[in-house]
Amino acid sequence: MTQLEALEILKTGRNVFLTGPAGSGKTHLTNSYIAYLKKNDIDPGITASTGIAATHMGGMTIHSWAGIGVKDTLDESDLEAMAEKPYLSKRFEKVRVLIIDEVSMLHHFRLDLVDQVLRTMKGTSDPFGGVQVVLVGDFFQLPPVQRGFSESGEETQFVYHGEAWKQGDFTVCYLSEQFRQKDDSMIDILNEIRSGDVSDASKKLLETRMGKTPEKGVRATKLFTHNMDVDALNALELEKLQSPEEALYVMSAKGHLPIVEILKKSCLAPEKLKLKLGAAVMCVKNNFEEGYVNGTLGMVVSCKKSLHPVIRTTGGREITIEPASWKIEEDGKVKAEITQYPLRHAWGITVHKSQGMSLDAVEVDLSKAFEPGMGYVALSRVRSLAGLSILGLNATALMVHEDVLLFDRELQEQSSVARKTILKNTEKLHGEQKDFLEWAVPKSKGGSGLKLAPHELTALLIEERKSLKDMASERGVTTETILTHIEKLISEGVEPDIAYLKKEISFAHWKKIEKAINEILETDDEVLLSKVKNKVGPNVSYLHIRLGRVLLGCGPRG
């Protein structure tokens, strides 16, 4: 499938798994779709499985976006606590499209958690709460870290083993074009690794690059499997340089401190960047206007204090590097921002951090490769065989996960079927695209609003004076979700007539709840469920506490 074909499918609002070999343009296509959404006033949730991948896209980790943190499971109290947080409520309320990049590194049970959160917060049993979910990644690349067992005893697996994948009904868009490698022999080697059967001819070609120096005039970046090897090499090489010029550039930061710290950890640019003349560097951000991208290699030719550094790329161009910013935004407001020159030392980098980069020359040491897919990621970074030098290989280096081999064939078949069926009927395709925009564009921006939101449907049942139980049954959700709808209606100023629901709480329990809430209001403006629960005791349910709080007009703030 081509990028243009996949973009047409994305525009229909279907859940999509966007995949393909390294260098097939997954990131470029994702950015094109994001631009399309923003052009139509749709603000997507932009996330990734890791901080590094997230900063490449200008987003945040899916763990942070969904409010799940490092949890493996969520219970009712966790979900209630999330509903109490205004920033999360607003995020889930407005989201229509959620993008998750590098899903090969996302544990299956965490995608299930995202599904659970969206269903709960959107108040619907639809997969992912009716939100369009776009998963981006390649299962031949790096798998979830810390493979083993989760807190709940589940073995950590790729996301396609989870319930959310099965129920999400993902349309597969398997990109077939190749934009990174222009060398047919390199493409053949990578395709054979993906097939699980590397030919003798390809092995011999790789052997010809053992210990070889990459083509003349190109400074190679060394890829290692472990951080300590990278840090040691970069420190050693920088110390070797005897330079008349050197400068230390310190990252500046502003915003909410915990979010700033997350940004710093996920950013490839170091907090303190020490440069000398002749230092090997790599650009770590895309800047098409200035002529460099994430992965562009160069050498420092000027680093005078109080002046911007200048690098000479491997192609011979001199570029003045200006400071760049990485930020996390929410509702159009910057929550945290860091600023630094988008450079890092490039004598060495880990295979993990290289994922997503395109490099002109690579020296790769895979003698300590410990994970299937690691060799594929490393070798697929380089644009041509002539730019590759292999320092070491072990038995794991060219391996891929066996279950991925079988599943990849299924993905290619599903993509072929999607291409033939969805794209064939142009009239239906354009109709789906139009319907999706009418639903996804905010009403204030011209969206039709013909589809009632879940909480608006609940409002119709309240007018019929239905009980919580009957409303939940009719809507196919829990009574807790119905209460969430009521709270949402009140936060929007609708003020539904719910006084009749007071009869669902026994007189004795109502008196306890009323007394507890009045006592809390004497010292606190906010009535938290946990505080009320501590006062009323174990016999009064959280459901009735929530209902009582709403009836007394002191529910969660919007």
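Two strands count as paired if DSSP finds at least two bridges between them; strands (E, at least two residues) and helices (H or I, at least four) are DSSP runs numbered from the N terminus.

Ile46 has Ile99 of β4 as its bridge partner.

## Basis of the values

Residues are numbered from 1 along each chain as its sequence is written, and side-chain values use heavy atoms, with hydrogens and water left out. Because the model is predicted, local features need pLDDT of at least 70 and side-chain atom pairs count only at pLDDT 80 or more, whereas totals for chains, interfaces and linings use all residues.

## Antiparallel sheet

A further open sheet has five strands with antiparallel pairing, in the order β14-β13-β12-β11-β17. Its edge strands, β14 (318-320) and β17 (343-345), each pair on one side only. Neighbouring strands of this sheet are turned against each other by 45° on average, direction ignored.

Strand β11 (residues 280-283) and β17 run antiparallel, and three bridges join them. Met282 has Arg344 in β17 as its bridge partner.

The axes of α6 and helix α7 (residues 108-122) come within 10 Å and cross at roughly 90°; axes are lines fitted to C-alpha atoms, for helices over the stretch in contact, and angles run from 0 to 180 degrees between N-to-C directions. That angle makes α6 roughly perpendicular to α7 (65 to 115 degrees; under 35 counts as roughly parallel, over 145 as roughly antiparallel and the rest as oblique). The contact (heavy atoms within 4.5 Å) is made by Phe92, Glu93 and Lys94 of α6 and by Val117, Leu118, Met121 and Lys122 of α7. By class, this contact of α6 with α7 has four nonpolar, no polar and three charged residues. Here Ala, Val, Leu, Ile, Met, Phe, Trp, Tyr, Cys and Pro count as nonpolar, Asp, Glu, Lys and Arg as charged, and the others, Gly among them, as polar.

The structure holds 17 aromatic pairs, that is, rings of Phe, Tyr and Trp (its six-membered ring) with centres within 6.5 Å. Trp65 and Phe92 form an edge-to-face pair, at 5.5 Å centre to centre and 85° between the planes (over 60 degrees; under 30 counts as stacked and the rest as tilted). This pair links distant parts of the chain, as Trp65 lies in helix α4 (residues 62-65) and Phe92 in helix α6 (residues 86-94), 27 residues apart.

## Helices α9 and α10

Helix α9 (residues 184-195) and helix α10 (residues 200-207) have axes that come within 10 Å and cross at roughly 120°. That makes α9 oblique to α10. Ser185, Ile189 and Glu192 of α9 make the contact with Ser202, Leu205 and Leu206 of α10. By class, the contact of α9 with α10 has three nonpolar, two polar and one charged residues.

## Helices α18 and α19

The axes of helix α18 (residues 468-475) and helix α19 (residues 479-491) come within 8 Å and cross at roughly 100°. The two helices α18 and α19 are therefore roughly perpendicular to each other. On α18, the contact involves Leu468, Lys469, Met471, Ala472 and Arg475; on α19, Thr479, Ile482, His485 and Ile486.
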